[in-house]
Amino acid sequence: MPESPAVPAARPTPSDPAELSAEDGKLVILARGARGRVGAVEGAAVRDQDGRTYAAASVALPSLTLTALQLAVASAVAAGASRLEAAVVVTEASTLDGAGHAAVRDLSADAPIHVAAPDGTVLGTVVE
């Protein structure tokens, strides 16, 4: 079995918030809903190349830990997505986790990743 690549430890810092399109605004709503439904630390949502959306909350079990963004990306891939158009993470942190960032970049080198506060205010956007 091939060795999986190391997950980057870097925590990308969002730049100034980008102006959200209506579709990206919907991702914020979905991510907030996923987070709030289970009282998770963070929620995330992604939109694939066909406009389908996937939302998820962070998972912290003794045997499995996933960021919300990792789970949203995994859900998209499991449904057949091959590219992402955009992603949103709703979190109390001021930076984007390295593992979630890497998961999005596995499918798209240029999809914006918007980081939003729990109240939905967009704090910044990661584009690299």
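Which residues does Ser58 touch, not counting residues up to four places away in sequence? The legends below take that up after a look at the whole chain.

**Figure 1. The whole chain, as a predicted model.** Here we're looking at 3 helices and 7 strands. Walk along the sequence and the elements come in the order α-β-β-β-β-α-β-α-β-β. The protein chain has 128 residues, and 45% of them count as buried. Among contacts with a separation of 6 or more, 63% are between residues 24 or more positions apart. The accessible surface comes to about 6700 Å², with 57% of that belonging to carbon and sulfur atoms.

**Figure 2. Ser58 and the residues around it.** Back to the opening question: Ser58 touches Ala40, Val41, Glu42, Leu66, Thr67 and Ala68, leaving aside residues up to four places away in sequence. You'll find Ser58 in the loop between β2 and β3 (59-60). Its relative accessibility is 23%, so Ser58 counts as partly exposed; the buried label needs a value under 20%. Ala44 is 14 residues away along the chain, and its C-alpha atom is separated from that of Ser58 by 8.2 Å.

**Figure 3. The largest nonpolar core.** At least two core residues come from each of β1 (43-48), β2 (53-57), α2 (68-78), β5 (84-90), α3 (98-107) and β6 (113-116). The largest share, 5 residues, is supplied by α2. Apart from this core lies another one, of 9 residues, including Leu27, Val88, Ala116 and Val122. As a general point, nonpolar side chains in soluble globular proteins tend to be buried together.

**Figure 4. The buried residues of α2.** Which residues of α2 are buried? They are Ala68, Leu69, Ala72, Val73 and Ala76. Looking down the helix axis, these residues fall within an arc of 130°, so they line one face of α2. After the helix comes Gly80, with a positive phi near 105°.

**Figure 5. α3, a mostly covered helix.** Of the 10 residues in α3, 9 are buried. The buried set is Gly98, Ala99, Gly100, His101, Ala102, Ala103, Val104, Arg105 and Leu107. What covers them includes α2, β5, β6 and β7 (122-126). Leaving out residues up to four places away in sequence, Val104 touches Leu69, Val73, Leu84, Ala87, Ala111 and Ile113.

**Figure 6. Asp97 at the start of α3.** Asp97 sits in the loop between β5 and α3. Is Asp97 buried or exposed? With a relative accessibility of 9%, Asp97 counts as buried, since the cut-off is under 20%. One of its side-chain oxygens reaches to within 3.3 Å of the backbone nitrogen of Ala99. Ala99 itself is among the buried residues of α3.

Note on methods
Residues are numbered from 1 along each chain as its sequence is written. This is a predicted model: local features need pLDDT of at least 70, side-chain atom pairs count only at pLDDT 80 or more; totals for chains, interfaces and linings use all residues. Side-chain values use heavy atoms; hydrogens and water are left out. A nonpolar core is a set of buried Ala, Val, Leu, Ile, Met, Phe, Trp, Tyr and Cys residues joined through side-chain atoms within 4.5 Å. Buried means under 20% relative accessible area, exposed over 50%, partly exposed in between (1.4 Å probe, protein chains only). Helices (H or I, at least four residues) and strands (E, at least two) are DSSP runs, numbered from the N terminus. Contact means heavy atoms within 4.5 Å. The arc is that of the directions from the helix axis to the C-beta atoms. Accessible areas come from the Shrake-Rupley method with a 1.4 Å probe; for residues, only the protein chains shown count as cover. A polar contact is a pair of N or O atoms within 3.5 Å; within protein, one must be able to donate a hydrogen and the other to accept it, and residues adjacent in sequence count only if both atoms are side-chain atoms.
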